[in-house]
Amino acid sequence: MPPWESPVGCAEFDACTTGSTTAGDDVSTSGASEGVQTVTGDGEDATSGGGGTQSEGNTTGEPAAPSIVTFDLTPTPIEFNGPIAVTVTADADAVSMQLDNGEVIELTPGEPGSFHGEIAVLTGLINGADHVALLTPRRGDVEGETVPAPYAVALPKPGSQGFWETGNLLGEGRVVAMAASPNGQVVELGTLTFNGMSHCYLRRRTKGGAWSDNDVRLLAPEDACEAIDLAVDDDGALFALVNRQSQDSLRWWLAKVAAWGQDPINVGFGTKGEIASALARHVSGAVAVCEHGPTISGDDDAKIAIFRPDLSGETWTFDYQPPEKLPHDFSERTRDCVFTGDTLALVGEAWGKHDKEQVKRDRLSILRFDIKSKSSSWTVAPAAVKTQSGAQAVAADEADRLIIGGYTCDDACQPEGDLRIFDGSETSWSLSLGTFPTKQFAVQDVAWSPAGYIVVATGGMKGTETAFTVRAYAPDNAEPLWTFVRKDSQVLHVALTLALGAYGEVYAGGLGANGYPAVAFIGG
């Protein structure tokens, strides 16, 4: 059940009041707003701090039933994406916590009788004061009385502007890629132009958007450079993919910055004519450069270069050859890529004479490559109402389905943006995002939120071309869950990239103020 559906209310467990609640015989509690619920029973020998009934012993020799003694949920209300810390004291061997979306979490035991966990609050779509976590103590196969623990969520309104920055702060340029670091910092990779030459830069920010001069650095400052993509590993190391000027051409360069302030390490270089478009990171630590490049036949083939920790890189080349077609009848152009398990999925277009057509056209393409078995397969979208289609961005959900942001168009190609979900090779859901003036204003990036919805970045639609636009969609729902639009009179803004934090924080970057890097932190 998606987390923004109507939760079970604390009223169903008679736990919404801030006065007393009943748990056994004539038991009263302190207010929920104080965080710690303390329970006292009748008589001078009653033990303070209990959520269920407290046994005073028995005459049969049987042990007392497991019980919750106290619990603490902090903070409540929670006002920013993040965790609510849960601490429970119980006369039990184990404690489970059921959330109001149905998820059951086993709390981690600490000191004897103490248990800990967290409630991850991922979206303001569940804002409200009527949430309740059900705490159930257990000893062996015996469960004790379930105790409701109320909490409140008061995140910023989804789609609201939390932070916006653009203008001549570093020079002309744009943000091309962003990443959320494990420590909560937000890092952007972009291109700047000054002294008649383009340069690549990295800038890091706090979760509030703040940065200083020490938080900006140029990559290969002596060379012309254009940013492509950015990834971060579990230790916070950055992988920056850029085009860097060599003696005879711009060639892609993959650099690793192990820690802020350290010099970049050369991980890999492309060859002349190759066009890199994206990075993808595998859970093993391997990093893939997704690209395409020319062949001696005059077409483009899809290409992959994979770099594993402490190993030399490996490269593969792929040609789309459907039945009854010759090798290199099609040009394959990669736009983005993502790992789903051990499979690397590259998306883009296959350009050529499809089926029995006599005109060369673009069709949305997916190349899947298993990095262990080295097997590969192609999926190319068939013709539909429009004659052409393409993919511009891809992400994966928790079920490893591909979420593709792309377009359809006729031969003149005024694009209609769209979202598609692929289960295997089949489209299980699609949604039109409206008409855009060019592909450069259509879908630029997509991301999957841990809150269970799709985030898509675009420029403005036809008639509102100057708008920096980010929207969120639940699968199988045509109406956006929320929309962020930054549109200033006589000023061009375009959203180009997205990054989502571990708790559903939404960060977007692109171009603003008619030609300067722009960054937005958005309520998710």
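In which strand is the place of Asp 336? Asp 336 belongs to strand E25, and the legends below return to this residue in its own view. The structure is a predicted model, in which local features need pLDDT of at least 70, side-chain atom pairs count only at pLDDT 80 or more, and totals for chains, interfaces and linings use all residues. Residues are numbered from 1 along each chain as its sequence is written, and side-chain values use heavy atoms, with hydrogens and water left out.

**Figure 1. Overview of the chain.** The chain has 39 strands and zero helices; helices (H or I, at least four residues) and strands (E, at least two) are DSSP runs numbered from the N terminus. Of its 524 residues, 51% are buried, where buried means under 20% relative accessible area, exposed over 50%, and partly exposed in between (1.4 Å probe, protein chains only). Among contacts (heavy atoms within 4.5 Å) with a separation of 6 or more, 49% are between residues 24 or more positions apart. The chain exposes about 23200 Å², of which carbon and sulfur atoms supply 48%; accessible areas come from the Shrake-Rupley method with a 1.4 Å probe, and for residues only the protein chains shown count as cover.

Figure 2. Asp 336 is buried and has no salt bridge, a salt bridge being a side-chain nitrogen of Lys or Arg within 4 Å of a carboxyl oxygen of Asp or Glu. The nearest side chain of opposite charge is that of Arg 335, 10 Å away; Lys and Arg count as positive and Asp and Glu as negative, while His and the chain ends are not counted. A polar atom of the Asp 336 side chain lies 3.0 Å from the backbone nitrogen of Val 394. Beyond its neighbours within four places in sequence, Asp 336 is in contact with residues including Ser 277, Leu 346, Val 394 and Asp 445.

**Figure 3. Disulfide of Cys 290 and Cys 337.** The sulfur atoms of Cys 290 and Cys 337 are 2.1 Å apart and form a disulfide, defined as a pair of cysteine sulfur atoms within 2.5 Å. The pair links distant parts of the chain, with Cys 290 in strand E22 (residues 287-294) and Cys 337 in strand E25, 47 residues apart. The link is right-handed, with 90° about the S-S bond. Cys 290 counts as buried because its relative accessibility is 0%, and Cys 337 is buried with a relative accessible area of 4%.

Figure 4. Cys 200 and Cys 225 form a disulfide with sulfur atoms 2.0 Å apart. This disulfide is left-handed because the torsion about its S-S bond is about -95°. Both Cys 200 and Cys 225 are buried. The link of Cys 409 and Cys 413 is also left-handed, at -80° about the S-S bond; Cys 409 counts as buried at 0% relative accessibility, whereas Cys 413 is partly exposed at 21%.

Figure 5. A cis peptide bond joins Thr 74 and Pro 75, with omega about -5°. The bond from Thr 76 to Pro 77 is cis as well, with omega near 5°. Pro 75 lies in the loop between strand E3 (67-74) and strand E4 (82-91), where Pro 77 is also found.

How values were computed: Polar contact = N/O pair within 3.5 Å; in protein donor to acceptor, adjacent residues only side chain to side chain.
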